[in-house]
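Below are some exercises, each with a worked solution to follow along with.

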Amino acid sequence: GGMIWNEYAVNLLTTFGEKASFKDQFILKASSSLRNDIHCEPPLDHAVLELTCQAWSKRAMRLLRITKLDNLDNLGLGSAELWDSASLSTERDFSEYFFLCLMYLLHSFNSAEQRKELISNANESRIFVHILTSIAKSENPILESFNHRTERNHQLLDILGGRAGTGETLLEQTCIDGIVLLSTFMNDQARKKTKSMIKAITSLSFLVSALFQTPTYYEIQPTEKDEIDPSDVKEGDSLWYELGSQRIKATVMKIHTDDFPNLYFTIREEKSNSERQTIASRLKRHPKSFNPQSTASFVDGGEGSRREHIGRLITDNILKPHLFRLQFDEESTTINEVSAEAVNIILSQCGLISVGIGSVRYEIFQGITSMLVLLCDSLAPTDSSIEKCTMVIRCLSLALGFGVYTTPSSMNITGIIDPTDSIVKLVDLYRNSTWFEAQKRHPFERFHQSVSMWLSVAVIAIKDGEIFRCISGIIRSISDILLSINSKESGVNAYVVMKAMNSFQIASNDCTDDSVDNHDEKQVLGELTQCFIRLSQQEMSWKIVEEFSSLIVINSKKPIKMLEPAARSHANDLTECLYSPSKRWCSFHLLYSLAMSSKPLQEEESVIISDVINQQQAEWKQGMDGEDASELEDDIIISASWLPEKAMCILSQMKPKSSSIQNKLGEENEIMGDLLTWLTCLSILDTAGSVDMRNRTSISSFIQKTKSLGFLLETAMEHADLDIDRKESIFSCIDLDDKHDLSIQEVATLAVFRTVESLPTLVKTWFNDYCPRYMQNKLSTFVENIVAPETLHRELTRIKKATSFGEMTVNGSCVSREITATYHQDECQLSVMIRIPPSFPLKNVEVDCQKTLGIPENRWRRWALQIMLMLNNQDGSVLDALLLWKQNVDKEFDGIEPCPVCYSVLCIKTHAMPNLQCRTCNNRFHSTCLHKWFTESGKSNCVLCQQPWSGTKV
């Protein structure tokens, strides 16, 4: 393969005449060597496999340059039998081996046309479909996405030039070859080619989607006209009210005849229960309009005839011999399922073009209807009935778009059949308490899986509100059974229940009211959350994560807090899941729903503190006197009532960067878990603080004790992009509508922002005392350009929404960075202006009360000091500071004297009034302020009279 080969040997071999036996012998020997290597067992190590395939492709390319015949046969890859046998191999992945050899060889050609010729010139005319079938993946199809299972098919088609480069003619012929190949596998009397059938139907779905790039969602025109004749309307009729582009289900409450013959109507919307008046032209009989052009586009031109032709071939070769003659023996299971999936290919990818008796549309309608009738007639609470119905339900689900081996489709059932009768039968079955209890003890797992699949595709076609609401009960019953089974099918059980719940909630927009609490849905979400947490990394799949994340998105947008009970019950486990790459997105958003709740995790009176925190608390108490120790206990109790136990343990066990950052955060996964845990705690801190300002102070004190803030900030700043553009949303990385892998850079940037926003005093202290010099300038610039403007904007928004100001008016501006509060009390005008510096909280706020009228200077100066202490020293927000100021003013006007130490009636931390009175001078102090005074002064004398303290609690 070196210079001698390229400059001498190739020229020598290509200049021999036709009678040169040496050349023929060389080609024969080289071809034989390549063929033998192809039949050798591939290496188990993937890196070695790649090198082996690269070396083989280079040798194959040299041979092709000599023979000048682009043909796979001379290389050993042109045999259909070779590729078919690779599909059946179990010990080694021969398909991967052959595929890599072929791909490296194709990459050696300069153009897609040459690559296409290499495959087209093979002696086996159908070699392309055999290759595509062999390289499709068949392992665990229900839990692996269709795109993942056809990943190699996409790669091969792309290297041949994609759809355009391959050409519609070749693709159409390959689709036909695929139908013939699948039919051959299904008609094999030995029936040992289950794996081959699954690969073949997967490959066929891929080919049809490549040939007809746009999926077909069609509607069969309703037998009843959509428009309403006013004279036909009766009170109590259930119709659809047209509002813009959507239709809302409504009931006619009254018919108005005072403008006869121009009738108009009072209707009640089912979803909102509100009434309105409307005219007949706004009322429709159907939930959506019928578009007569929806299928006509496929009839015109060549594409319509091609779609019809492929649909006819599938019907004649696969459906008629198998699905429409359903067999119930175990050996026929795969054949039944594969033929049902073929219906999905016709409905969602080919389309129903022709009409009339004998058409594909007619035959599919007849076949599906007969299966549905069989289901309704056979369904009964007996073992034989359940076993028979399992096959029917599963085939119906696959035919109408559930998509195990083929591309899923949610619209197949529309206009084909009405599944209401089957749902009613299932409702009755699951309400049979004797049968249900027996199933809980000895479940028929496959039956319940199949029912979940059927609900996933059928629910969209249910228009009766009462029957629709019963479906959530079925899903809950299935959830109770399937999610309690500990088997190798745990992942499948979780997925089918998630899929059913997802489809139900998506469809519920037309049939149910989102504002009504649904206990069944909450129960299922709780069980699914528990199952999601329990699934091992091996049992997890992309489809499970996708379905569960969709459930989170749907329920996060509902007015009822559907996710909070699940998050509350599993807060500690969800915190642990933040360290699992496949589970962290879902876990974080579930915890976020908990953080937005105004209810603590535990009541303070009955809070349980973990052993880890108790041990840590004992260490912190060493050297403390009784007052400080008691204050620490209170802080930990309040923190434990709001923060998940696991999160508190994580924070308490974090160490300073200098000692162990490389050990603890050596991996990106650990860093991401710590940052998400930190963000969760900050969200809970803000919510707890909005419920009671004392909660913020206590949780901040706990965080300060753990010394985790400095550790997290340094870690976050090492990975953050602090040069972010102000136009970019810093919260986009955790957006519900952006379900992607969380970026450590974006999460770290958000962590820096949220830390500065929620813990300004602790950040300022860390910045002044501990922040490494090389970080100071970057952080200061980030705070000034990003944090301060956005924080002020968010704070002003919270102030505008606040309802506890009473008669106090508050105004602010992001431009001037000033917030003014005005309060009238006993004919006095109290005014305070807070000036927030551009780099707050790294620099202190300024407070001006000079415009206060009728109040002595010493008093309004004391009030200004209160606000500055709250904002500059207590991690308080502007809203907290203003509310505390108002409460202090109210107390002082009620005649209560402020504490001489902190100049405030209400203690900034505990919000308690002065409760210790000096027996000598009768002045009152906050116990915490007095204790701090004694500690710092080293004396136990009264602050004012300087006599030895002798006081009483009041």
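**Exercise 1.** Which residues are buried in helix H18 (residues 420–430)?

Solution. Keep in mind throughout that this is a predicted model.
- Step one: walk along H18 and pick out the buried positions, which are Thr420, Ser422, Ile423, Leu426, Val427, Leu429 and Tyr430.
- Step two: look at what those side chains face. The buried residues of H18 pack against helix H16 (360–378), helix H17 (383–399), helix H19 (433–441), helix H20 (445–458) and helix H21 (465–482).

**Exercise 2.** Find how many aromatic pairs the whole structure holds, then classify the pair Trp83 and Phe98.

Solution. 
- Step one: a search of the whole structure turns up twelve aromatic pairs.
- Step two: take the geometry of Trp83 and Phe98. Their ring centres are 5.6 Å apart and the planes make an angle of 75°. Planes over 60 degrees apart count as edge-to-face, so that's what this pair is.
- Trp83 belongs to helix H4 (residues 80–88) and Phe98 to helix H5 (residues 94–107), so to speak a link between distant parts of the chain, 15 residues apart.
- Step four: check the burial. Trp83 comes out at 0% relative accessibility and counts as buried; Phe98 is buried too, at 2%.
- Step five: widen the view. Ring pairs join Trp83, Phe94, Tyr97 and Phe98 into a cluster.

**Exercise 3.** Now do the pair Phe532 and Phe548: is it stacked or edge-to-face?

Solution. 
- Step one: the ring centres of Phe532 and Phe548 lie 4.4 Å apart, with the planes at 25°. Under 30 degrees counts as stacked, so this pair is stacked.
- Step two: Phe532 is in helix H23 (residues 519–534) and Phe548 in helix H24 (residues 542–556), 16 residues apart, and the pair links distant parts of the chain.
- Step three: with a relative accessible area of 0%, Phe532 is buried, and Phe548 counts as buried at 2%.

**Exercise 4.** Which charged ends sit over the rings of Phe99 and Phe328?

Solution. 
- Step one: over the ring of Phe99 you'll find the charged end of Arg152, 5.9 Å from the ring centre.
- Step two: over the ring of Phe328 it's Lys388, whose charged end is 5.5 Å from the centre.

**Exercise 5.** Work out which strands pair with S8, and in what sense.

Solution. 
- Step one: strand S7 (residues 818–825) pairs with S8 in the antiparallel sense over eight bridges. For a landmark, Ala821 stands opposite Val832 in S8.
- Step two: S8 also pairs with strand S9 (residues 846–848), again antiparallel, over three bridges. Here Met833 has Asp848 in S9 as its bridge partner.
- Step three: look at the cover on S8 (residues 828–835). Describe the largest cavity: how much space lies in it, and which residues line it?

Solution. 
- Step one: the structure holds one cavity of 30 Å³ or more, and about 50 Å³ of space lies in the largest cavity.
- Step two: its lining is made up of Arg568, Leu594, Ala595, Ser597, Lys599, Leu601, Trp642, Ile684 and Thr687.
- Step three: the elements giving two or more residues to that lining are helix H27 (584–595) and helix H32 (668–691).

**Exercise 6.** Is Arg306 buried or exposed?

Solution. 
- Step one: locate Arg306 in helix H14 (residues 301–319).
- Step two: its relative accessibility is 17%, and under 20% means buried, so Arg306 counts as buried.
- Step three: leaving aside neighbours within four places in sequence, Arg306 is in contact with Glu168, Glu172, Leu211 and Phe212.

Definitions and conventions. Residues numbered from 1 in each chain as written. Predicted model: local features only at pLDDT ≥ 70, side-chain atom pairs only at ≥ 80, totals over all residues. Heavy atoms only, no water. Phe/Tyr/Trp six-rings, centres within 6.5 Å; stacked < 30°, edge-to-face > 60°. Helix = DSSP H or I, 4+ residues; strand = E, 2+ residues; numbered from the N terminus. Buried < 20%, exposed > 50% of the residue type's maximum accessible area, 1.4 Å probe, protein only. Lys NZ or Arg CZ within 6 Å of the ring centre and 35° of its normal. Pairing = 2+ DSSP bridges. Contact = heavy atoms within 4.5 Å. 1 Å grid on protein atoms, 1.4 Å probe; cavity = no way out; pocket = protein on both sides within 12 Å on 5 of 7 lines; lining within 4 Å. Points joined across faces, edges and corners; volume = space filled by probe spheres on them.
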